Amino acid sequence: MNKISFIGAGNMARAIIIGLVNSGVLAKNILVANPSEEKRIKLAQEFGVLQTDDNNRASDFADVIVLCVKPHFISEVCQRISQEIDITGKLFISVAAGRTVEQVQQALVQGSNKALPALVRVMPNTPSQLGLGMSGLFASNEVSIEQKSIAEKLMSAVGKIIWLDTEDQINDIIAVAGSAPAYFFLFMEAMEKQAQSLGFSAQESRMLVQQTALGAAQMVAHNDDDDISTLRANVTSKGGATHAAIEQFKHDGMEEMVKNAMNAAIARAEEMAK
């Protein structure tokens, strides 16, 4: 069994650890490194994983090193690891937004003649915390078939995954999945406000909106053979109330608005990578 270390103990590290433990990975094979004692101790107490405040110890322990630090810290963290630890043969998995494969790899070999390490860049989303995530994965040329399988198993523990052919597609994943929960939250927020203006209480409005959204998502998930457009048409009787609402959305340019918003997300992601 591969040993896995997490550099960072934030929400994404926690989500992946929960998924791994629930999928049968032994807690003794998981180590969490974090400067804040509170977060790593809590993970150790809840799931029985090992913990340390030493990134180098964690990196030396593991075959697979998951980089869950904030993007502006990742270069410094990687440089310190590579200066102290022999990283030959180790697989690195980065969930740091806006940091390219090249940037992370160069930080891991800076000032040395070491070969570039195997690195998988991952763009997850926040529903991963519930095991309902959607992640895009891109592997560097150094990643072996076996290591690719390891990365796939690790991220499948918190949801569904797709492999990307080019790293540029990471920015597309951000627009379609990474940022997308916020799109749905914004739509739900607008519905909730309107429900309250119609006289429903705050609690009633929240329940009406969240249960409807949950049900709609489950209908999509449980009807793989039907296009989403078909599911929408099935509840849109011509001339009815739903039809009136859908026509208003179209009139107000909802499709164009969604396209523009997603393109804006991609453009910003590209800027951040530079």
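The model is predicted, so to speak from sequence to fold, with local features requiring pLDDT of at least 70, side-chain atom pairs counted only at pLDDT 80 or more, and totals for chains, interfaces and linings using all residues. Residues are numbered from 1 along each chain as its sequence is written, and side-chain values use heavy atoms, with hydrogens and water left out.The protein comes to 12 helices and eight strands, taken as DSSP runs (H or I of at least four residues for helices, E of at least two for strands) and numbered from the N terminus. Its C-alpha atoms fill a box of roughly 70 × 40 × 35 Å along the principal axes. Of the 274 residues, 37% count as buried; buried means under 20% relative accessible area, exposed over 50%, and partly exposed in between (1.4 Å probe, protein chains only).

Seven salt bridges turn up in the whole structure, each a side-chain nitrogen of Lys or Arg within 4 Å of a carboxyl oxygen of Asp or Glu. One of them pairs E167 with R121, with 2.9 Å between the closest N and O atoms. This pair ties together distant parts of the chain, 46 residues apart: E167 sits in the loop between β8 (159-163) and α7 (169-178), and R121 in strand β6 (residues 118-123). R121 counts as buried because its relative accessibility is 4%.

Being four residues apart, E189 and K193 are about one helical turn from each other. E189 is partly exposed at 37%, whereas K193 is exposed at 55%. In helix α11, K250 and E247 are three residues apart, about one turn of the helix, and their closest N and O atoms lie 3.9 Å apart.

F187 is also found in α8 and is partly exposed, at 35%. Together with M191, F249, M254 and V258, F187 makes a nonpolar surface patch of about 390 Å². Patch members have over 30% relative accessible area and no salt bridge, with nonpolar side chains (Val, Leu, Ile, Met, Phe, Trp, Tyr) joined within 5 Å and like charges within 9 Å; areas follow the Shrake-Rupley method with a 1.4 Å probe. Helices α8 (180-197) and α12 (254-273) each supply at least two of the patch residues.

The second largest pocket has a volume of about 730 Å³. Of its 28 lining residues, G10, N11, C68, V69 and K70 are the closest to the centre. (A pocket is an open set of points on a 1 Å grid where a 1.4 Å probe fits, with protein on both sides within 12 Å along at least five of seven lines; lining residues have an atom within 4 Å of a point.) Helix α1 (residues 11-22) gives the most to this lining, with three residues.

Technical notes. Grid points are joined across faces, edges and corners, and a volume is the space filled by probe spheres set on the points.
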